[in-house]
Amino acid sequence: MPLPLYLLAMAAFAMGTSEFMLAGLLPDIASDLDVTVGTAGVLTSAFALGMVVGAPLVAAFARNWSRRPSLLGSVLVFPAAHAVGAVTTSFPVLLATRVVAALANAGFLAVALTAAAALVPPDRKGRALSVLLAGTTSAMIAGVPGGSALGTVFGWRATFWAVAALCLPAALGILKGVPAGHREEEATGRPVLRAELAQLTRSRLIVVMLLGALVNAATFGSLTFLAPVVTDGAGLGELWVSVVLVLFGTGSFAGVTLAGRLSDRYPGRVVAVGGPLLLVGWPATAVLATEPAALFVLVFVQGTLSFALGTTLITRVLYEAAAAPGMAGSYATAALNVGAAVGPVIAAATLGAGALGPLWASGLLVAVALLIALPLLTGITESRGGDALR
């Protein structure tokens, strides 16, 4: 894999830390700003919603820019938003900073996903995407639990400052490692914006985006409220939240790595095998959450399955949107973050039934996804060239 791809993954690590870190900070933020935990969970949805709206808008606005200034601008706006969030005492202001940070993250991912796919041969998009997303999942292994522990010891504001600092080396890496020249598509006659947007009328693209959104909604719905599952459901102390997040993050890294090896060649089989296992896993986690040992194992497994399946589906978005090279990354980003926006809202609505409600909601979301995917999986036992999701 080319060096610029790993530099993009480094920036994804910094941004991924911010996107996921609230899973361990929500109780402290809620207490400090005098709101409920469910209300604080809206911060996750606001971030995701900002990415949903921002990805296509930023991609369309900056489609004629070279990649380096587009990526660099996003990485510099991102820490500025976190600095404001770290000093505010107002929940609405904090909410606004999450939206601004999301727009910057959306701009980065919309360009980075397309850039990653362009850096490798056409049949290795899944492998390139797995390297990029490995930066995000590494954030879940190291950045997010570290941020949670930092927040526990020094307060949640210290985590915001740490994320802002993380972006600076990423900006230097982009400045030094990403070529300054214009995008390759400009030299090969890239389609006009209207033609790229017209790809959204293709039913196969819409269905794959919907599947990715539903699986990601299940992932983020439970991930956002893992802290109450650990403290209330399992009865463990706050420091155990970081341990559980490490396990989920390690599983997600394993899932992305697995998807990198399989998503280009056997996408249908990943969905056919991983989907039912993921469906069973969320209710099983809810039932066994009171047993810490079982919870730890299931959190790791669910992280693996969630990201193996989710990454495979997002890779299919890039394949299905191949005729929209300037916008394909924004479509993939939107699919990811529609789920990330909707999932926590659905999960928050179930908290009235207890801390384990989000786990049951995640199971339901995966069930809906599998019902939609079922017609696409006809012929799954045929050779890899016959996979319906290909």
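How much of the contact in the protein chain with a separation of 6 or more comes from residues 24 or more positions apart? The share is 85%, where contact means heavy atoms within 4.5 Å.

This is a predicted model, so to speak: local features need pLDDT of at least 70, side-chain atom pairs count only at pLDDT 80 or more, and totals for chains, interfaces and linings use all residues. Residues are numbered from 1 along each chain as its sequence is written, and side-chain values use heavy atoms, with hydrogens and water left out.

**View 1. The whole chain is built from helices.** The protein chain has 17 helices and zero strands; helices (H or I, at least four residues) and strands (E, at least two) are DSSP runs, numbered from the N terminus. Of its 390 residues, 57% count as buried. Buried is under 20% relative accessible area, exposed is over 50%, and partly exposed is in between (1.4 Å probe, protein chains only).

**View 2. Val-75 and Phe-108 sit in the largest nonpolar core.** This core has 109 residues, and Val-75 and Phe-108 have the most contacts inside it. A nonpolar core here is a set of buried Ala, Val, Leu, Ile, Met, Phe, Trp, Tyr and Cys residues joined through side-chain atoms within 4.5 Å. Helix H6 (residues 91-118) gives the largest share, 14 residues. Leaving aside neighbours within four places in sequence, Phe-108 touches Leu-8, Ala-11, Ala-12, Met-15, Leu-71, Ser-74, Val-75 and Ile-174.

**View 3. Helix H5 runs from residue 67 to residue 87.** Its end C-alpha atoms are 32 Å apart, which agrees with the 30 Å that 21 residues should span at 1.5 Å a residue; the expected span is 1.5 Å times one less than the number of residues. The buried residues of H5 include Leu-71, Ser-74 and Val-75, three that also turn up in the contact list of Phe-108.

**View 4. The largest cavity has a volume of about 270 Å³.** Phe-20, Leu-133, Thr-136, Phe-307 and Leu-336 are the closest to its centre, out of 20 lining residues. On a 1 Å grid over the protein atoms alone, a cavity is a set of points where a 1.4 Å probe fits but cannot get out, and lining residues have an atom within 4 Å of a point. Grid points are joined across faces, edges and corners, and the volume is the space filled by probe spheres set on the points. The lining divides into 10 nonpolar, nine polar and one charged.

**View 5. Leu-278 is a buried residue of helix H14.** Its relative accessible area is 0%. Leaving aside neighbours within four places in sequence, Leu-278 is in contact with Val-215, Gln-302, Leu-305, Ser-306, Leu-309 and Val-366.

**View 6. Val-342 lies in helix H16.** At 39% relative accessibility, Val-342 counts as partly exposed, while 16 of the 22 residues of H16 are buried. Val-342 and Ala-213 are 129 residues apart in sequence but 8.7 Å apart in space, C-alpha to C-alpha.

**View 7. Asp-34 sits in the loop between helix H2 (26-33) and helix H3 (37-40).** Asp-34 is not a glycine, yet has a positive phi of about 60°. At 71% relative accessibility, Asp-34 counts as exposed.

Conventions: On a 1 Å grid over the protein atoms alone, a cavity is a set of points where a 1.4 Å probe fits but cannot get out, and a pocket is an open set with protein on both sides within 12 Å along at least five of seven lines; lining residues have an atom within 4 Å of a point. Ala, Val, Leu, Ile, Met, Phe, Trp, Tyr, Cys and Pro count as nonpolar, Asp, Glu, Lys and Arg as charged, and the others, Gly among them, as polar.
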